[in-house]
Amino acid sequence: MEKSDDHHKTSHGGSGGAATEKWEEVSTAIRTAETMLRLAPVGLCLAALVIMLKDSQNNEFGSVSYSNLSAFRYLVHANGICAGYSILSAANAAMPGSSSTMPRVWTFFCLDQILTYVVLAAGAVSTEVLYLAYKGDDAITWSDACSSFGSFCHRATASVIITFVVVCFYVLLSLISSYKLFTRFDPPAIVDSNKNVEVAVFAN
């Protein structure tokens, strides 16, 4: 009888250990995937930043540079901030247990949201400037500039497109950090006034 009990405990402990080991493997895989996802925007941000920094053109019509337009200067700063944050957040996410505390989960959630909107705003404002540069504005007799400074507009367009790819990555990161935060909370409960019993809204 004692041998049977010992065998039962051993098998139970073995299954529990296997489950724990499997969960650790899954957790490691998720952490690795998130780290890579946070590192991916670094190269894109730097590419958009460098292309815009080098964007200038001189010809018989005059000269133009990204620094002449506040929207493009903002895009450079936004991509620089994004690249720095991506490196720091990836290093933090790679650490075992880095997202186990509520302060860190809240920090990732807030900063991911902020960076998403910062980069999205940079892309949106720059797109508006490019639209006017390509199309002009007849209402205020503003002719298009890209017919005269085509090379400048092409490089600026490439930088803006890359910036929107960065936005896609950060939207995905925001969804991940939101999931990691809100899954830590219990589902809301409603009170049955007739029975005075709390019932979870999402109870199975």
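**View 1. Serine 159 and its surroundings in the predicted model.** Setting aside the neighbours within four places in sequence, serine 159 is in contact with Ala48, Ile51, Met52 and Leu75. The model shown here, and in every view that follows, is a predicted one. Serine 159 has its place in helix 4, and because its relative accessible area is 0%, under the 20% limit, this serine counts as buried. Its side chain reaches the backbone oxygen of alanine 48 at 2.8 Å, and Ala48 is also one of the residues listed as contacts of serine 159.

**View 2. The whole protein, as a setting for the close-ups.** The protein has four helices and four strands, and when the chain is followed from the N terminus, these elements come in the order α-β-β-α-α-α-β-β. The chain has 204 residues, of which 29% count as buried.

**View 3. The largest nonpolar core and phenylalanine 152.** This core, the largest of the nonpolar ones, has 17 residues, and those with the most contacts inside it are Met52, Phe72 and Phe152. Two or more residues of this core come from each of helix 1 (2–53), helix 2 (70–94), helix 3 and helix 4 (150–182). There is also a second, separate core, which has 13 residues and includes Ala83, Tyr85, Phe108 and Leu115. Once its neighbours within four places in sequence are left out, phenylalanine 152 is in contact with Asp55, Ser56, Gln57, Val64, Ser65, Tyr66, Leu69 and Phe72.

**View 4. Arginine 73 in helix 2.** Arginine 73 lies in helix 2, and because its relative accessibility is 34%, between the limits of 20% and 50%, this arginine counts as partly exposed. Apart from neighbours within four places in sequence, arginine 73 is in contact with Tyr66, Ser67 and Asn68. Between arginine 73 and methionine 52 there are 8.5 Å from C-alpha to C-alpha, while along the sequence they are 21 residues apart.

**View 5. Helix 3 from end to end.** Helix 3, which covers residues 102–135, has 34 residues and reaches 49 Å from its first C-alpha to its last, close to the 50 Å expected at 1.5 Å a residue. The buried residues of this helix are Val105, Phe108, Phe109, Asp112, Leu115, Thr116, Val119, Ala122, Gly123, Ser126, Leu130 and Ala133. After helix 3 comes glycine 136, whose phi is positive, near 75°.

**View 6. Glycine 123, a buried residue of helix 3.** Glycine 123 has its place in helix 3 and is buried, with a relative accessible area of 0%.

**View 7. Threonine 116 and serine 174.** Threonine 116 lies in helix 3, and because its relative accessibility of 9% is under 20%, this threonine counts as buried. The side chain of threonine 116 makes a polar contact with the side chain of serine 174, at 2.8 Å. If neighbours within four places in sequence are left aside, threonine 116 is in contact with Tyr170, Val171 and Ser174.

**View 8. Leucine 181 in helix 4.** Leucine 181 has its place in helix 4 and is buried, its relative accessible area being 0%. Beyond its neighbours within four places in sequence, leucine 181 is in contact with Met102, Val105, Trp106 and Phe109. The C-alpha atoms of leucine 181 and phenylalanine 109 are separated by 7.2 Å, whereas along the chain these residues are 72 residues apart.

View 9. According to the unreviewed UniProt entry, the annotation "transmembrane region" covers residues 36–54, 74–94, 114–134 and 154–176. In the model, residues 36–54 are 95% helix and 0% strand, and their end C-alpha atoms lie 28 Å apart. Residues 114–134 are 100% helix and 0% strand, with end C-alpha atoms that lie 30 Å apart.

Definitions and conventions:
Residues numbered from 1 in each chain as written. Predicted model: local features only at pLDDT ≥ 70, side-chain atom pairs only at ≥ 80, totals over all residues. Heavy atoms only, no water. Buried < 20%, exposed > 50% of the residue type's maximum accessible area, 1.4 Å probe, protein only. Core = buried A, V, L, I, M, F, W, Y, C linked by side-chain atoms within 4.5 Å. Contact = heavy atoms within 4.5 Å. UniProt positions renumbered as here; feature names shortened; annotations may be inferred. Polar contact = N/O pair within 3.5 Å; in protein donor to acceptor, adjacent residues only side chain to side chain. Expected span 1.5 Å × (residues − 1).
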